[in-house]
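User: Please examine the structure shown here and answer some questions about its strands, aromatic rings and pockets.

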Amino acid sequence: MKKFFSVFFRALFIAGALVLLTTFISTFAIGIKNVGNIVGAALCVWVILVCIKPIHLAIKRSLRFFFLTRLLHRIVTISFTVLLVYGLIATAVIVGASLIAPKENSTVVVLGAQVRPSGEPSTILRGRISAAEDYLVQNEKSCAVLSGGKGSDEVKSEAGCMYENMTAEGISPDRLFVEDKSTTTRENFEFSEKIIAENKLNSDIAIATDRFHQLRARIITMQLGIKGNVGAVNSDAPFKYVPTYVVREWFALPYEIFKR
C-alpha cells in the first residue's frame with residue numbers, strides 16, 4: 001500500500017508539473033519572458049526529474065564522485081525545495097487576498113496594464129476593465145479612478161484607453177476619474193488617493209486587477225496608510241498567463257515589502 005501511494009503521488013506531481021511546464025512554455029511562445037516563466041519552467045523540470053525515480057537516482061550516482069558536484073546537487077535540491085515551499089505558501093496568501101470582498105459602493109481603483117500598438121487594451125487590461133464595469137453596474141453609487149500613464153511603447157495612456165472603452169460600453173463619464181501620470185502600482189495608489197480626496201469620493205476602495213496581483217496591491221495600500229476598507233474586484237486572466245504571473249509575484253512580494 002505504501003508503495004502504491006508513493007507511485008500515485010509521484011505520478012500526480014509529474015502530471016501537475018507537465019501541465020504547468022506547458023503553460024510556462026506557451027507564454028515564451030507569445031513573447032512573454034520574465035522571472036515567472038523562467039523560474040517556473042526550471043522548477044517544473046526539477047520536480048519531474050526528482051519524481052521519476054530512475055532518472056533521479058542516475059543523476060545522484062553520476063554526481064557522487066566529486067565533492068563539488070555533490071555540493072552543487074545539494075545546493076540545487078535545497079534551493080528548489082525552499083522555493084517550492086515558499087511558493088505554495090505565497091500562492092495560498094495570494095488567493096486569500098483575492099477573496100476579500102469590497103464594501104458596497106466603494107470607489108473602484110482600476111490598475112493599468114499594457115495598451116496594444118493599435119490603441120486597444122491588452123488581454124490583461126481588457127479583463128480589468130470588464131471587472132470594474134461589472135462592479136459599477138452592480139453598485140450604482142460607486143465611481144472609479146482609472147489609473148495608468150503612457151508607457152514609452154504605448155500610443156495612449158492606460159487610463160485614457162480604459163476611459164474610452166468604459167464610456168463606449170455605457171458607463172457614465174461622470175462616474176469616471178482619469179489618473180494618467182502613474183508608471184508603477186505604488187504611484188497608481190498614491191495619485192488615485194489624491195483624486196479620491198479632492199473629489200470627496202468614498203474612501204473605501206475596490207481594487208480592480210487580476211487575482212494574482214491583489215495581494216501586492218493590498219500591501220501597497222497598507223504601506224501608504226490608506227485608511228478605508230480595501231476589497232478585491234477580480235479580473236480573471238486566461239489560465240495560460242496565470243502560472244507565469246503567480247510565480248513572478250513570488251519574487252515581487254518580498255521586494256515590495258522590504259524595499260523601504
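The questions and answers below take these topics in turn.

Analyst: This is a predicted model, in which local features need pLDDT of at least 70 and side-chain atom pairs count only at pLDDT 80 or more, while totals for chains, interfaces and linings use all residues. Residues are numbered from 1 along each chain as its sequence is written, and side-chain values use heavy atoms, with hydrogens and water left out.

User: Which residue in β3 stands opposite L146?

Analyst: Helices (DSSP runs of H or I, at least four residues) and strands (runs of E, at least two) are numbered from the N terminus. Strands β2 (residues 144-147) and β3 (residues 176-179) run parallel and are joined by four bridges; two strands pair if DSSP finds at least two bridges between them. Within β3, the residue opposite L146 is V178.

User: Through which helix does the chain cross from β2 to β3, and what is the handedness of this crossover?

Analyst: A crossover is right-handed if, with the strands pointing away from the viewer, the path from the first strand over the helix to the second runs clockwise. Here the chain passes from β2 to β3 through helix α6 (residues 158-168), and the β-α-β crossover is right-handed.

User: Is the ring pair of F212 and Y245 stacked or edge-to-face?

Analyst: Rings of Phe, Tyr and Trp (its six-membered ring) pair if their centres lie within 6.5 Å, and planes under 30 degrees apart count as stacked, over 60 as edge-to-face and the rest as tilted. F8 and F9 form an edge-to-face pair, at 5.4 Å centre to centre with 75° between the planes. For F212 and Y245 the centres are 5.4 Å apart and the planes lie at 10°, so this pair is stacked.

User: Where in the chain do F212 and Y245 lie, and how many residues apart are they?

Analyst: F212 belongs to the loop between β4 (205-210) and α8 (214-223), and Y245 to helix α9 (residues 242-258). The pair therefore links distant parts of the chain, and its members are 33 residues apart.

User: Is F212 buried or exposed?

Analyst: Buried means under 20% relative accessible area, exposed over 50%, and partly exposed in between (1.4 Å probe, protein chains only). F8, at 41%, is partly exposed, whereas Y245, at 14%, is buried. F212 has 6% relative accessibility, so F212 is buried.

User: Which element gives the most residues to the lining of the largest pocket?

Analyst: On a 1 Å grid over the protein atoms alone, a pocket is an open set of points with protein on both sides within 12 Å along at least five of seven lines, and lining residues have an atom within 4 Å of a point. The largest pocket is lined by 38 residues, with G112, A113, Q114, R128 and R248 nearest its centre. Elements supplying at least two lining residues each include α5 (123-138) and α7 (185-198). The largest contribution, six residues, comes from α9.

Conventions
1 Å grid on protein atoms, 1.4 Å probe; cavity = no way out; pocket = protein on both sides within 12 Å on 5 of 7 lines; lining within 4 Å.
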